[in-house]
Amino acid sequence: MFEKEIDEIYELCKRVVNEVPTASITFDYSSYGLNIRGIKRKEDARIPRGKFKWDLYQDVSFDPFYEKESRKSLKVIKAFLLELLIDGKCPHE
């Protein structure tokens, strides 16, 4: 389930890592599901623990019971990664 989508997300994550030096992405994959965390600006990771917030924190379950929610999460992840790639090509700074 979701093999094509996961491959696409993984490729987008690799592109973000290579093409957007200001962003940070974490891709965790297991037999239970997928977890993607991301921040648009790496320096935000230095914000104190109580104030730090991920720009993206999405879980995708491989349990068929959660298929609808997982499809929504995959769309959110893909949109976030594409936004990073677009913004990375013409930084706002």
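## A facing pair in the sheet

L34 stands opposite V60 in strand 3. Strand 2, residues 33-39, and strand 3 run antiparallel and are joined by six bridges. Strands pair here if DSSP finds at least two bridges between them. This is a predicted model, in which local features need pLDDT of at least 70 and side-chain atom pairs count only at pLDDT 80 or more, while totals for chains, interfaces and linings use all residues. Residues are numbered from 1 along each chain as its sequence is written, and side-chain values use heavy atoms, with hydrogens and water left out.

## Sheet and helix

The sheet is open, with three strands in the order 1-2-3 and antiparallel pairing. Strand 1 (24-29) and strand 3 (56-61) each have a single partner strand and stand at the edges, so one side of each lacks a neighbour in the sheet. From one strand to the next, the twist averages 10°.

Helix 1, residues 3-19, packs on the sheet and touches strand 1 and strand 2. The direction of helix 1 makes about 150° with that of strand 1. Contact means heavy atoms within 4.5 Å. Axes are lines fitted to C-alpha atoms, for helices over the stretch in contact, and angles run from 0 to 180 degrees between N-to-C directions.

## The whole chain

The protein has two helices and three strands, and from the N terminus on the elements run α-β-β-β-α. Helices (H or I, at least four residues) and strands (E, at least two) are DSSP runs, numbered from the N terminus. The radius of gyration is 14 Å, close to the 12 Å that the globule rule gives for 93 residues, so the protein is as compact as a globular protein of that length. This radius is taken over C-alpha atoms, and the rule is 2.2 Å times the number of residues to the power 0.38.

Of the 93 residues, 31% count as buried. Buried means under 20% relative accessible area, exposed over 50%, and partly exposed in between (1.4 Å probe, protein chains only).

## Aromatic pairs

A search of the whole structure finds four aromatic pairs. In one of them, the ring centres of F52 and W54 are 5.1 Å apart and the planes stand at 80°, so the pair is edge-to-face. Rings of Phe, Tyr and Trp (its six-membered ring) pair if their centres lie within 6.5 Å; planes under 30 degrees apart count as stacked, over 60 as edge-to-face and the rest as tilted. F52 is partly exposed at 23% relative accessibility, and W54 is partly exposed at 31%.

F65 and Y66 also form an edge-to-face pair, 5.1 Å centre to centre with 85° between the planes. F65 counts as exposed at 67% relative accessibility, whereas Y66 is partly exposed at 40%.
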